[in-house]
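Biologist: I am new to this structure and would be grateful for a close look at a single part of it. Please take me through that part step by step.

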Amino acid sequence: MKTANHKIADLLSVRKIEKRKSFAVLLDPDKVNLSTFPKFLEYAAGHGVDFFFVGGSLITNYAIDQLIAAIHEHTDIPAILFPGSSLHIDPSADAVLLLSLISGRNPELLIGQHVIAAPLLKRSGIEVLPTGYLLIESGRLTTVSYISNTTPLPRDKPGIVACTALAGEFLGLKHIFLDAGSGAQFPVTSEIIRAVRETVDTPIIVGGGIDSYEKADAALGAGADVIVVGNGIEQNPDLLPEVAACVKAFNRKTESV
């Protein structure tokens, strides 16, 4: 059994304090070509990707264990589970984002699935990252909104989002994940990110709809600590080095201060 630790949580906390930004790539097992995956991993590592998030709202081709094995074989980058349900827990991962969907009122995703997953996580010793998960309206119905049977928070109401994130922090959640969802038409707005940054002390993860250098730059500038790119890279492989360059530029500015 793995020894429980807080390695990744401590890393995220230290990076937030130091104002250093991180870049995560979300890997959907249904969309990864395993034959070319090792080459992609080397490409991502060469551009300084900090984390791989593995999972999704709906997985029809269970290859989570194969993806994690390949990540560990070809890189030193942590593989962090991004589970849509308790079925997506794999003990070979380095950590799991234990997502509580606090933007919705579906009890299964607030606590139900967590009860089922808890003994599995305890036995595995995997690092658990308690995370308040907030879906933000993105201009179209996304898979996560449909599967979770929840209504996203309105993108023009940063105050509601900030208060929801604060409630999650007061409940003991250690990270806040603002997500517009896979295939989002619009990313999480700078106004929302900034309002949450001014309200909570936890590291903030932002994903969904970040498909350009400019959108990555806006999210980081508004206060995101980690930005997540998934579908954008599938559609435009050149996006990975663009986002990596944006994150590195922010970190260089921090180091020079």
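**A loop residue and two helices**

Modeller: Asn149 counts as exposed, at 65% relative accessibility. The model is a predicted one. Asn149 lies in the loop between helix H5 (143–148) and helix H6 (158–170). Its phi is near 55°, a positive value in a residue other than glycine.

Just after H1, Lys19 takes a positive phi of about 60°, although Lys19 is not a glycine. Lys19 is exposed, with a relative accessible area of 58%.

Helix H1 itself spans residues 7–17, and its buried residues are Ile8, Ala9, Leu12 and Arg15. These residues lie on the same side of H1, because they cover an arc of only 130° around the axis. On the other side of H1, Lys7 and Ile17 are exposed.

Helix H10 comprises 18 residues, 239–256. From its first C-alpha to its last, H10 reaches 26 Å, close to the 26 Å expected at 1.5 Å a residue. The buried residues of H10 are Leu239, Leu240, Val243, Ala244, Cys246, Val247, Ala249, Phe250 and Asn251. Their cover includes two strands, E1 (22–27) and E8 (226–229). It also includes the helices H2 (37–46), H8 (213–222) and H9 (231–235).

How values were computed
Residues numbered from 1 in each chain as written. Predicted model: local features only at pLDDT ≥ 70, side-chain atom pairs only at ≥ 80, totals over all residues. Heavy atoms only, no water. Helix = DSSP H or I, 4+ residues; strand = E, 2+ residues; numbered from the N terminus. Expected span 1.5 Å × (residues − 1). Buried < 20%, exposed > 50% of the residue type's maximum accessible area, 1.4 Å probe, protein only. Contact = heavy atoms within 4.5 Å. Arc of directions from axis to C-beta.
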